Amino acid sequence: LQGDWSSDVCSSDLLETLESTFEAQVKQLDGEKAHPFLEQCLSLMGLLRKVTKNLVGAEECYSNLVKITEGYYGTSSEMLMTALKNLGAVQASQDKSAEAQETLERALETGKRVVDLNKIKAKAAFKQQISEVIFLLQTVNEKVDVEEFNSSKYEVQESILRRVHGGETTS
């Protein structure tokens, strides 16, 4: 293997490839930018922009991903919960605490609906995702300091985790 394999060059090349792939997919879809075929590309572009500290670009990708996912899968899907978690994490990284809190609370409510409807596809992955949502939400709540992380929010989160873990407590 030859060439410059520095992270900046690789990131730039990869992002360029992803963006051209995205545009080619949009062209194949006759300009439709809200199609589920675009999910993977948007998710990867969001992740790459996040790790390269282009948080505004990452937020744009994840916002679009949330719209597509919600429109296609509805408000009770693991995919939506993950997209909301990623969007909330990027918002929190930009110190948009109020927006992040709202987004992460939506992710938590989505997770609750997934559990209520027994629509968990991969239990271990879902446990990890819901735990990350809760951790991010607690972190944002500490930053916001508008209200303490009250016991009712904790109880909702603990209830979701208990149900996912088969009735076991997580504390």
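Does T17 count as buried, exposed or partly exposed, and at what relative accessibility? T17 counts as partly exposed because its relative accessibility is 45%. The cut-offs are under 20% relative accessible area for buried, over 50% for exposed and in between for partly exposed (1.4 Å probe, protein chains only).

This is a predicted model, in which local features need pLDDT of at least 70 and side-chain atom pairs count only at pLDDT 80 or more, while totals for chains, interfaces and linings use all residues. Residues are numbered from 1 along each chain as its sequence is written, and side-chain values use heavy atoms, leaving out hydrogens and water.

**View 1. The whole protein chain.** The protein chain holds seven helices and zero strands. Helices (H or I, at least four residues) and strands (E, at least two) are DSSP runs, numbered from the N terminus. Of the 171 residues, 39% are buried. Among contacts with a separation of 6 or more, 58% join residues 24 or more positions apart. Contact here means heavy atoms within 4.5 Å.

**View 2. T17 on helix α1.** T17 lies in α1, residues 7-28. T17 and M45 are 28 residues apart in sequence. Their C-alpha atoms are 9.7 Å apart in space.

**View 3. Helix α2 against helix α3.** The axes of α2 (residues 39-51) and α3 (residues 55-73) come within 8 Å and cross at roughly 155°. Axes are lines fitted to C-alpha atoms, for helices over the stretch in contact, with angles from 0 to 180 degrees between N-to-C directions. The crossing angle therefore makes α2 roughly antiparallel to α3; the cut-off for this term is over 145 degrees. On the α2 side, the contact includes L42, M45 and L47. On the α3 side, C61, L65 and I68 are among the contributors. By class, the contact has 10 nonpolar, five polar and three charged residues. Ala, Val, Leu, Ile, Met, Phe, Trp, Tyr, Cys and Pro count as nonpolar, Asp, Glu, Lys and Arg as charged, and the others, Gly among them, as polar.

**View 4. Helix α3 and its cover.** α3 has 19 residues. From first C-alpha to last it reaches 26 Å, close to the 27 Å expected at 1.5 Å a residue. The expected span is 1.5 Å times one less than the number of residues. Buried residues of α3 include L55, E59, Y62 and V66. Their cover includes α2, α4 (78-93) and α5 (97-116). Just after α3, G74 takes a positive phi of about 90°.

Note on methods: Angles under 35 degrees count as roughly parallel, over 145 as roughly antiparallel, 65 to 115 as roughly perpendicular and the rest as oblique.
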